[in-house]
Amino acid sequence: MTRAGWIRIAIVLGAIAALEVVTQAGLVSRHTIIPPTAMAAALWGLIGSGEIMPDITKTLSNVAAAFVLSAGGGFVLGLLIHAAPRLRRALDPLLATYYAVPFFVFYPLLIVIFGMSDLPIIVIGFLFGVVAMIIATLNGLDRVPRVALKVARLSRMDPVSIALLIKFPAATPYLFTGVKLAVAYSFIGVIASEFILSGAGLGFAISYAYNNFDTPRMYALMLFILVSVTAVNMVLHTIEQRMLRRRGLAR
Amino acid sequence: MTQRAPAWQRYGDSLALLAGLVVLWWLLSRWAGEEALTGPAETLARARELLQSRRFHGHATESLTALGYALLLAALGGLGLGTWLGVRRLAGQVAEPILVALYALPKITLYPVILLIFGLGLPAKVAFGAIHGVIPVTIFTLNAVRTIRPVYLKVARSLRLTPWQAFRTVWLPAALPEIVSGQRVGFALTLLGVLIGEMFASQRGVGFVLINAIGLNDVPTIMAAAFLLAVFAATVSAILLKIDRALHRRTARA
């Protein structure tokens with residue numbers, strides 16, 4: 001581990017310890033923030049009793065569905081758009097301003113179109129993630145070495161195998177950036193829609209606990225989301241570093 | 001990009017694409033029915049009505065005020081923090097992964113904490129918007145400052161520029177393009193944060209108009225408010241994008 005890594009761990013642990021001391025000493029009201037140990041204890045109790053399992057399964061499966069759709073769909077759309085430069089130029093300003101538009105507002109319309117199920121939430125997660133993946137795919141394809149494409153033409157490969165055997169591997173580092181963003185955006189889209197609009201899932205459970213002044217439960221659920229998102233990100237980061245190192249690109 | 005197409009073609013293609021999207025919207029509204037999805041013409045009419053009503057003005061002013069404060073906090077805070085982390089190499093190495101992890105968190109889960117700390121009202125919205133915006137601005141600024149080419153700094157040193165001269169003539173022009181990119185991302189996220197803040201536990205603002213219309217299933221108002229928001233967001237973002245691209249092109253030529 002590098003020196004910066006140790007300092008980072010020290011800072012995070014120090015922040016948690018400081019929060020613990022401040023809340024235990026009663027400097028902050030228990031109604032505002034509870035000590036981290038109490039959060040962990042509450043989460044342990046919730047998981048042990050199994051009562052939040054349905055919410056956890058629902059949220060995580062929705063996130064997974066949104067992620068698979070946005071990563072896969074974004075890659076295919078990116079390939080298609082990259083093949084049509086004129087379309088790409090026309091799309092460019094739309095893609096660049098896309099994330100300025102909040103999508104939650106379309107939730108009621110999605111309910112009308114897809115019915116009252118998990119589908120509208122998955123679609124919102126997909127809409128959030130797909131454009132990040134498209135942009136990453138375009139970036140990656142721009143950097144496929146010319147010579148590799150020439151070799152492909154010389155050996156008369158068909159477009160599908162060019163995509164799979166040449167473009168995909170060459171663009172992988174950039175695609176991975178897109179994948180990381182797609183994961184993050186799927187989480188954000190799904191949990192935010194649950195929080196504001198839905199009647200089930202972890203996001204809803206948090207807002208329900210907030211509305212019922214059930215502070216320990218609220219913090220326990222928040223802790224669960226923070227820990228699981230951070231864990232997913234760390235796994236992705238490790239995979240990425242390993243991949244980059246194999247290509248001799250590690251930072 | 002290999003070569004730049006003539007301007008008429010670029011703008012023409014974009015316009016054609018937009019027109020295509022409007023036609024698609026119209027077809028969808030025909031297919032789903034007026035009560036499910038309001039068509040383009042009706043949405044425009046409702047948007048005009050909203051813009052002329054005094055009540056909507058109050059909500060829009062509230063949202064713009066919150067957005068203004070939040071943007072100010074996010075832009076200046078991110079700029080300051082990012083510059084400091086960029087100059088102090090070790091601090092930057094320590095902080096960057098933490099910032100990236102925070103960026104990927106669904107910050108909405110933390111909104112109740114902010115409500116408990118700031119109470120209901122404008123400060124909570126401003127804080128929530130600023131939290132969304134400050135992280136990308138910091139990350140972009142940090143990278144902008146860190147990746148200034150060392151040779152520029154050497155030139156500044158060998159010319160014996162004062163710190164202020166060096167900042168004005170070397171650091172700022174070298175880092176500005178990336179900083180503007182960061183501000184653009186920061187704007188989009190700050191707007192999102194403020195809107196989400198208004199949609200949950202709030203009585204005023206455009207977000208409240210939206211959530212209220214969602215509760216009443218008032219589809220024309222949802223569509224009109226969403227349309228106005230999209231136009232506002234896209235316009236500001238497009239202006240920032242224009243500045244962004246111009247700066248990047250200038251740097252690439254230099």
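Let me start with a term: a residue is buried under 20% relative accessible area, exposed over 50%, and partly exposed in between, using a 1.4 Å probe and protein chains only. Hello everyone, and keep that in mind, please.

What you see is a predicted model, where local features need pLDDT of at least 70, side-chain atom pairs count only at pLDDT 80 or more, and totals for chains, interfaces and linings use all residues. Residues are numbered from 1 along each chain as its sequence is written, chains are lettered from A and ligands numbered from 1 in the order in which they are written, and side-chain values use heavy atoms, leaving out hydrogens and water.

Let's begin with chain A. It has ten helices and zero strands. Here helices are DSSP runs of H or I with at least four residues, strands are runs of E with at least two, and both are numbered from the N terminus. Along the sequence, that gives the pattern α-α-α-α-α-α-α-α-α-α. The C-alpha atoms of chain A fill a box of roughly 70 × 55 × 35 Å along the principal axes. Chain A has 251 residues, and 45% of them count as buried. The accessible surface of chain A is about 12,600 Å², with 70% of that belonging to carbon and sulfur atoms. Those areas come from the Shrake-Rupley method with a 1.4 Å probe, and for residues only the protein chains shown count as cover.

By contact I mean heavy atoms within 4.5 Å.

Now chain B. Chain B also comes to ten helices and zero strands, and from the N terminus on its elements run α-α-α-α-α-α-α-α-α-α. Its C-alpha trace spans about 70 × 55 × 30 Å along the principal axes. Of its 254 residues, 45% count as buried. Chain B exposes about 13,300 Å², and carbon and sulfur atoms supply 69% of that. For contacts in chain B with a separation of 6 or more, 75% are between residues 24 or more positions apart.

Next, how do helices pack in chain A? Look at helix H3, residues 53-83, and helix H4, residues 85-97: their axes are 5 Å apart and the helices pack at an angle of about 110°. An axis is a line fitted to C-alpha atoms, for helices over the stretch in contact, and angles run from 0 to 180 degrees between N-to-C directions. Angles under 35 degrees are called roughly parallel, over 145 roughly antiparallel, 65 to 115 roughly perpendicular, and the rest oblique. H3(A) and H4(A) are therefore roughly perpendicular to each other. From H3(A), A:Ile81, A:His82 and A:Ala83 meet A:Pro85, A:Leu87, A:Arg88 and A:Leu91 of H4(A). By class, this contact of H3(A) with H4(A) has five nonpolar, one polar and one charged residues. The classes work like this: Ala, Val, Leu, Ile, Met, Phe, Trp, Tyr, Cys and Pro are nonpolar, Asp, Glu, Lys and Arg are charged, and the others, Gly among them, are polar.

A second pair is helix H7, residues 146-154, with helix H8, residues 159-196, both in chain A: their axes come within 10 Å and cross at roughly 150°. That is why H7(A) and H8(A) are roughly antiparallel to each other. The residues in contact are A:Ala148, A:Leu149 and A:Ala152 of H7(A), and A:Ile162, A:Ile166 and A:Lys167 of H8(A). In terms of class, the contact of H7(A) with H8(A) has five nonpolar, no polar and one charged residues.

Stay in the loop between H7 and H8 of chain A for a moment, where A:Arg156 is found. A:Arg156 is not a glycine, yet it has a positive phi of about 50°. Is A:Arg156 buried or exposed? At 77% relative accessibility, A:Arg156 counts as exposed.

B:Arg160 has a positive phi of about 55° although it is not a glycine, and B:Arg160 is exposed, with a relative accessible area of 74%.

A:Pro216 lies in helix H10, residues 215-246, of chain A, and at 39% relative accessibility it counts as partly exposed. A:Pro216 and A:Ala40 are 176 residues apart along the chain, with 9.4 Å between their C-alpha atoms. Leaving aside residues up to four places away in sequence, A:Pro216 touches A:Ile34 and A:Ala42.

Finally, B:His59 sits in helix H3, residues 54-87, of chain B, and B:His59 is buried, with a relative accessible area of 10%.
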